[in-house]
Amino acid sequence: MYLKITAALILMLFFSVQTAFSYAEIRAENNAYRHNNKGLIYLEENYYFGAIKEFQIAIDLMPEAQGSAVYYVNLGMTYEKLGYPSLALPCYEKALSLHPLYFDYYRRVSECYTKLGIVDKKIEEYRNKKFNPLNAVMLGMLYIQKGEVSLGITILDDFCNNEKELLITSGVKEYIEKIAKAKL
């Protein structure tokens with residue numbers, strides 16, 4: 001009996017020591033997620049400086065990951081709330097480059113172009129860019145922002161007809177319906 005208790009204690013000691021010497025794996029993705037959430041809490045509390053710092057930490061942990069597009073958008077929204085669309089624009093453009101199949105990023109970028117008064121310049125830029133079907137989405141959005149709603153809807157509708165299989169197409173269709181209802 002004494003021998004069984006001693007063996008059990010030695011085994012417990014062995015297993016507890018093994019976990020004591022193990023190291024915790026640092027996962028940038030988890031830490032970035034936590035910093036983003038902390039930033040959202042700060043944003044909700046109108047503590048913008050803290051929110052900016054937390055979003056920037058989240059971005060620094062995973063600057064080129066597709067999931068980081070959300071962190072860039074959150075940082076851009078914070079800058080916009082502070083009245084700095086010129087600081088928000090690079091954040092939105094980076095989010096769009098990381099995740100080009102998410103329609104809301106096109107909306108944010110085009111609205112930011114409007115706030116900065118560079119819609120006409122960007123229309124010319126997107127008209128002259130090398131052919132990419134997604135450029136049609138931005139071009140349609142820019143025309144809508146400019147006030148040429150019919151032309152913008154036509155461009156977006158053509159995109160939907162030509163690119164039925166893309167993930168972004170459903171978001172574009174919903175936006176067209178929303179704009180068409182508002183126009184009536």
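Guide: The model is predicted. The count of aromatic pairs comes to three. One of the pairs joins Y42 and Y47, with ring centres 5.0 Å apart. Their planes stand at 80 degrees, so this pair is edge-to-face, because the cut-off for that class is over 60 degrees. Y47 has a relative accessibility of 41% and is therefore partly exposed, as that class lies between 20% and 50%.

Another pair is F103 with Y175, whose ring centres are 5.2 Å apart. The planes of F103 and Y175 are at 50 degrees, so the pair is tilted. This pair links distant parts of the chain. F103 belongs to helix 6 (residues 103-116) and Y175 to helix 10 (residues 168-183), and the two are 72 residues apart. F103 has a relative accessible area of 10% and is therefore buried. Y175 is buried as well, at 9% relative accessibility; the cut-off for buried is under 20%.

The ring of Y126 has a charge over it: the charged end of K129 sits 4.2 Å from the ring centre.

M12 lies in helix 1 (residues 2-20). At 57% relative accessibility M12 counts as exposed, because the cut-off for exposed is over 50%.

Technical notes: Residues are numbered from 1 along each chain as its sequence is written. This is a predicted model: local features need pLDDT of at least 70, side-chain atom pairs count only at pLDDT 80 or more; totals for chains, interfaces and linings use all residues. Side-chain values use heavy atoms; hydrogens and water are left out. Rings of Phe, Tyr and Trp (its six-membered ring) pair if their centres lie within 6.5 Å; planes under 30 degrees apart count as stacked, over 60 as edge-to-face and the rest as tilted. Buried means under 20% relative accessible area, exposed over 50%, partly exposed in between (1.4 Å probe, protein chains only). Helices (H or I, at least four residues) and strands (E, at least two) are DSSP runs, numbered from the N terminus. A charge sits over a ring if NZ of Lys or CZ of Arg is within 6 Å of the ring centre and within 35 degrees of the ring normal.
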